[in-house]
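Thanks for making the time this morning. I would like to walk you through one structure, going from a helix to a central strand and then on to the aromatic rings and the cores.

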Amino acid sequence: MKVIGPAAKTVFYLKKIQGQYPTWTLHYKIKCKSTENELTNLLGYSEIKKNQPVAIIAREQFSGVGQNSKTWVSPKGGIWLSAAYPIFSKEFACQIFNLSLGIKLCEMLRQENINVCLKWPNDIFFGSKKLIGFLPRVITRGKEIIYVRVGLGMNVLNYTPSEGISLSKVLQTKNINQHYWTAKVLKAFYDSIECNKKKEYVIKSANKFLTKSFLPSGYCPHTWKIKDIDSNGNLRIENETQLKVIRRF
């Protein structure tokens with residue numbers, strides 16, 4: 001496992017959790033504009049290779065962008081990373097990638113007795129507040145999936161806006177090892193790719209973790225309610241007279 005910068009502690013936990021495979025290349029930034037920009041620049045300079053995933057991890061980013069181009073608040077104390085994993089296959093199920101990652105993040109936290117839920121399409125909530133946000137992307141060449149990537153933010157020890165919550169508040173302690181949790185997030189990313197071919201399992205698990213408390217923007221909670229996630233990974237909402245399918249793309 002190749003390590004660049006002060007990421008050795010993350011590697012230590014990643015080896016304990018995951019073993020030697022895969023061979024991650026980790027780049028650590030004290031401060032950057034955006035890990036997404038850093039990863040894009042890195043992959044533009046050096047093409048991704050089979051079995052060699054890469055991640056950019058930042059202590060702080062000052063111009064992060066979240067869903068729908070919203071500002072991604074990323075102060076010290078959180079986990080801010082962008083990662084890419086090589087696929088080189090035509091068989092990858094792109095439409096459920098966000099769900100496979102979402103369920104693995106939920107499983108990761110529930111294994112630690114943290115009762116989180118999935119807010120479709122790409123947020124992890126504890127109660128009514130966001131703990132993790134992630135932006136998955138699929139990079140193709142013709143019909144072949146070259147690699148998948150994700151930009152992810154997890155509130156750990158950092159200050160959060162009112163709509164968010166940190167892991168330290170959830171656990172009611174500041175004695176939290178960020179390197180351990182960074183390793184667990186990278187393991188969840190890897191696991192999400194491994195389970196991508198198990199579509200039935202992904203959809204069933206996504207519905208198990210799905211919160212129905214938060215409708216997509218523009219839908220009145222007095223008239224609409226969330227029904228479920230369908231077999232293609234879309235969200236279905238309903239009112240008294242109609243059923244509507246909300247697609248991520």
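Let me begin with a question: which residues in α1 are buried? They are Thr 10, Val 11, Leu 14 and Gln 18, and please keep in mind throughout that what we are looking at is a predicted model. These four cover an arc of only 100° around the axis, which puts them on the same side of α1. The face of the helix turned away from that buried side carries Ala 8, Lys 9 and Lys 16, which are exposed. Just after α1 comes Gly 19, with a positive phi of about 85°.

From there I would like to move to strand β6, which is mostly covered, nine of its eleven residues being buried. On one hand, β6 is joined to strand β3, residues 54–58, by five bridges, with the two strands running antiparallel, and within that pairing Ile 57 has Leu 81 of β6 as its bridge partner. On the other hand, β6 pairs with strand β10, residues 144–154, again in the antiparallel sense and over nine bridges, and here the bridge partner of Tyr 85 is Val 148 in β10.

Tyr 85 also brings us to the aromatic rings. The structure holds eleven aromatic pairs, and one of them is formed by Trp 24 and Tyr 85, edge-to-face, at 6.2 Å centre to centre and with 70° between the planes. Because Trp 24 lies in the loop between α1 and β2 whereas Tyr 85 belongs to strand β6, residues 79–89, this pair ties together parts that are 61 residues apart in sequence. Trp 24 is buried, with a relative accessible area of 0%, and Tyr 85 is buried as well, at 5%.

How are the rings of Tyr 85 and Phe 189 arranged? Their centres are 6.4 Å apart and their planes stand at 85°, so this pair, too, is edge-to-face. It links distant parts of the chain, with Tyr 85 in strand β6 and Phe 189 in helix α5, residues 178–194, the two being 104 residues apart. Like Tyr 85, Phe 189 is buried.

Phe 189 leads on to the nonpolar cores. The largest of these has 62 residues, and Phe 189 is among those with the most contacts inside it, together with Leu 109, Ile 132 and Met 154. Taking Leu 109 as an example, and leaving aside its neighbours within four places in sequence, we find it in contact with Ile 114, Val 116, Ile 124, Leu 131, Ile 132, Met 154, Leu 167 and Trp 181. There is also a second, separate core of eight residues, which includes Leu 39, Leu 43, Ala 84 and Tyr 147.

Finally, a word on a hairpin. Strand β11, residues 225–229, is joined by four bridges to strand β12, residues 235–238, and the two run antiparallel. Within this pairing, Asp 228 stands opposite Arg 236 in β12. Five residues sit between the strands of this hairpin, in which Gly 233 takes a positive phi near 85°.

Note on methods
Residues numbered from 1 in each chain as written. Predicted model: local features only at pLDDT ≥ 70, side-chain atom pairs only at ≥ 80, totals over all residues. Heavy atoms only, no water. Phe/Tyr/Trp six-rings, centres within 6.5 Å; stacked < 30°, edge-to-face > 60°. Buried < 20%, exposed > 50% of the residue type's maximum accessible area, 1.4 Å probe, protein only. Pairing = 2+ DSSP bridges. Core = buried A, V, L, I, M, F, W, Y, C linked by side-chain atoms within 4.5 Å. Contact = heavy atoms within 4.5 Å. Arc of directions from axis to C-beta.
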